[in-house]
Amino acid sequence: LALQGIRVMDSIRWPARRGTVYLVGAGPGDPGLLTLKARDLLASSDAVLHDQLVSKEVLAMVPRNVKRVAVGKIGHGRHTAQSEIHRMLVALARAGRRVVRLKGGCPTVFGRVGEEIEALAAAGVPFEIVPGVSSALAAPAAAGIPVTLRGRATSVAIVTGHCARPGRSPLEGVSGADTLVVLMGTRALATLMSELRAAGRDPDTPAAFVSRATLPTERTVVATLGTLPAAVAEAGVGAPGVVVVGEVVRFREELGRVAAGAA
Ligand SMILES: C[S@@+](CC[C@H](N)C(=O)[O-])C[C@H]1O[C@@H](n2cnc3c(N)ncnc32)[C@H](O)[C@@H]1O
């Protein structure tokens, strides 16, 4: 067993350092989309603090002897206070632990990485951001939708649907981007789509909802700006999901035709 352990450590190219916090992206769910660096850091860590969105397949890569703490938010419900997460990260690092703060997708995309870095810097704790594959790109890709297309879609905006409420739209200023990718938009889907129509987007613009992207339970619903909320409700799919709006969604259908033609 000891020899096996040595062999595992020998094969680690990016080992975690003592007293350091690594803010690591876990990717959208498929463990194959984890970076090599993330895999090595998990294998050489002493403590992993992870969000709810980190898939069980990725968590299975954390060695059994490593302290594992779930600090994630479950939907709009229970979660560990952000200040408590900061306290735990600083305490573990000061105790000389090799700490991985594991977040779904990429920590820099709606991952509250800024607040955690500020807390670590204020406490004089060394840290490193290790980017991951964000669901903002992985979910459309998994559904066969590129977010840009030469000559057809030259701008893309990634927005949160979380703070959507009448009179205060997260889409303000970005509704004209060729492609819109909305995260955390499941609950407010109908509001978001009607705001886009009010902002002048054609109700017939193609739109897709990609649920649980890259996981075995992935589902994609394709409709239009006008019909997406009803189509999603009818299909019975839910969070976590990514909404994609724009002509790029048609590419999925084109791909489907190519694949059908090739068969
Ligand atoms: C708090 S944000 C974190 C985003 C994450 N940092 C990233 O880069 O993917 C959570 C949102 O990410 C999206 N999301 C994350 N994983 C997903 C997946 N596997 N499939 C679809 N959407 C996902 C959903 O919109 C979810 O509400």
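This is a tour of one predicted model, stop by stop, with what to select at each point.

**Before you start**

Residues are numbered from 1 along each chain as its sequence is written. In this predicted model, local features need pLDDT of at least 70 and side-chain atom pairs count only at pLDDT 80 or more, while totals for chains, interfaces and linings use all residues; side-chain values use heavy atoms, with hydrogens and water left out.

**Stop 1: the whole chain**

Show the chain as a cartoon. Its secondary structure comes to nine helices and 10 strands; helices (H or I, at least four residues) and strands (E, at least two) are DSSP runs, numbered from the N terminus. The C-alpha atoms fill a box of roughly 60 × 50 × 35 Å along the principal axes.

Of the 263 residues, 45% count as buried. Buried means under 20% relative accessible area, exposed over 50%, and partly exposed in between (1.4 Å probe, protein chains only). Among the contacts in the chain (heavy atoms within 4.5 Å) with a separation of 6 or more, 67% are between residues 24 or more positions apart.

**Stop 2**

**Stop 3: strand 1**

Now select residues 21-25, which are strand 1. Five of its five residues are buried. Val21, Leu23 and Gly25 lie on one side, Tyr22 and Val24 on the other, and both faces are covered. In a regular strand the side chains alternate between the two faces of the sheet.

Which strands lie alongside? Strand 1 pairs with strand 4 in the parallel sense over five bridges, and Gly25 stands opposite Lys103 in strand 4. With strand 5, strand 1 pairs in the parallel sense over four bridges. Here Tyr22 has Glu128 as its bridge partner, and Leu23 has Ile129.

**Stop 4: helix 5**

Select residues 113-122, which are helix 5, and show side chains for its buried residues: Val113, Glu116, Ile117, Ala119 and Leu120. They cover an arc of only 160° around the axis, which puts them on the same side of helix 5; the arc is that of the directions from the helix axis to the C-beta atoms. An α-helix has 3.6 residues a turn, so residues three or four places apart point the same way.

What do these buried residues pack against? Their partners are strand 1, helix 4 (82-94), strand 4 (99-103) and strand 5 (127-130). On the face turned away from the buried side, look for the exposed residues Glu118 and Ala122. After helix 5 comes Gly124, whose phi is positive, near 70°.

**Stop 5: Arg187**

Finally, select Arg187, in the loop between strand 7 (179-183) and helix 7 (189-198). Arg187 counts as exposed, at 69% relative accessibility.

Terms used:
Pairing = 2+ DSSP bridges.
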